[in-house]
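The entries follow in the order in which I checked them.

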Amino acid sequence: MEEAGTDMQRRVSDHKVLNSLVADLLVNLDREYMKTASVVQSLSQFVTVEKAAMDADLDGLFKGNKMLSDSWLKARGCVLTDPELSITLSCSHIETVLKACLKSLGETGYQKDAIEKLGSKVLDILKKSSVIDEATSQMMRGVGTIFLGVGTIRNAQSVSHGKDDEYTPPTSDLAQTVNHLAGVASVFVMKQTDLVLKAR
């Protein structure tokens with residue numbers, strides 16, 4: 001307002017002019033809202049449909065193993081109601097899958113390993129297999145990063161290690177992302193493990 005000059009300030013201080021400006025602003029805001037409302041609604045519907053499809057896919061992939069299915073469903077079940085717990089359980093789900101893979105590959109001595117070490121052990125075994133091509137091996141490096149990221153988020157934003165004054169609770173969006181990443185990465189490793197076992 002100071003940059004507008006004295007004349008403009010005087011005009012705007014007039015009640016009628018001020019009311020007119022506010023009315024114009026409201027009309028413009030309504031117009032902008034109407035432009036974006038349908039887009040926001042469409043995006044929201046798209047995300048809801050995609051989330052349901054991903055959940056259904058993962059449900060089907062874990063269905064053959066009760067322990068893995070239960071682990072996955074517990075983590076997914078509290079995404080909205082308790083994001084902290086969901087993140088903890090999503091990480092636990094990955095650990096459960098990795099331990100199952102190591103067991104099926106004939107490994108021992110991994111029971112107390114953290115997620116990062118479990119992931120490294122499984123991925124190292126898989127990468128050494130002649131069944132795994134270079135492109136898949138590169139994808140495995142990405143999966144290793146996901147495992148590390150999920151473990152880091154679990155340590156920072158879940159109920160697993162207590163809280164301090166600076167703790168910020170995770171959002172359900174973060175919990176949902178972690179949950180889906182945990183599911184997808186776990187399935188990928190399970191499938192690669194199956195390929196290696198079939199080739200033996």
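Entry 1, overall. I note at the start that this is a predicted model. I counted 7 helices and 0 strands in the protein chain. Read along the sequence, the pattern is α-α-α-α-α-α-α. I then looked at burial and found that buried residues make up 32% of the 200 residues. The chain exposes about 12,600 Å², and carbon and sulfur atoms supply 57% of that area. For contacts between residues at least 6 apart in sequence, I noted that 63% join residues at least 24 apart.

I took α5 as residues 115-128 and α6 as residues 134-157. How do they pack, by angle and by distance between axes? I found an angle of about 170°, with the axes 9 Å apart. Angles over 145 degrees count as roughly antiparallel, so α5 and α6 are roughly antiparallel to each other.

I listed the residues that meet. From α5 they are Ile115, Glu116, Gly119, Leu123, Leu126 and Lys127. From α6 they are Ser137, Met140, Arg141, Gly144, Phe147, Leu148, Gly151 and Arg154. Sorted by class, this contact has 6 nonpolar, 4 polar and 4 charged residues.

I searched the whole structure and found 4 salt bridges. I wrote up several of them.

Glutamate 95 pairs with arginine 154, with the closest N and O atoms 3.7 Å apart. Glutamate 95 lies in helix α4 (residues 83-104) and arginine 154 in helix α6, so the pair ties together parts that are 59 residues apart in sequence. Are these two residues buried or exposed? I found both glutamate 95 and arginine 154 buried. Arginine 154 is also one of the α6 residues that meet α5.

Next I checked lysine 121 and aspartate 113, whose side chains meet in a salt bridge at 2.5 Å, N to O. Lysine 121 has a relative accessible area of 27% and is partly exposed. Aspartate 113, at 15% relative accessibility, counts as buried, because the cut-off for buried is under 20%.

Last, I looked at arginine 141, which forms a salt bridge with glutamate 134. Their closest N and O atoms are 3.6 Å apart. Arginine 141 counts as partly exposed, at 42% relative accessibility.

Notes
Residues are numbered from 1 along each chain as its sequence is written. This is a predicted model: local features need pLDDT of at least 70, side-chain atom pairs count only at pLDDT 80 or more; totals for chains, interfaces and linings use all residues. Side-chain values use heavy atoms; hydrogens and water are left out. Axes are lines fitted to C-alpha atoms, for helices over the stretch in contact, and angles run from 0 to 180 degrees between N-to-C directions. Helices (H or I, at least four residues) and strands (E, at least two) are DSSP runs, numbered from the N terminus. Angles under 35 degrees count as roughly parallel, over 145 as roughly antiparallel, 65 to 115 as roughly perpendicular and the rest as oblique. Contact means heavy atoms within 4.5 Å. Ala, Val, Leu, Ile, Met, Phe, Trp, Tyr, Cys and Pro count as nonpolar, Asp, Glu, Lys and Arg as charged, and the others, Gly among them, as polar. Buried means under 20% relative accessible area, exposed over 50%, partly exposed in between (1.4 Å probe, protein chains only). Accessible areas come from the Shrake-Rupley method with a 1.4 Å probe; for residues, only the protein chains shown count as cover.
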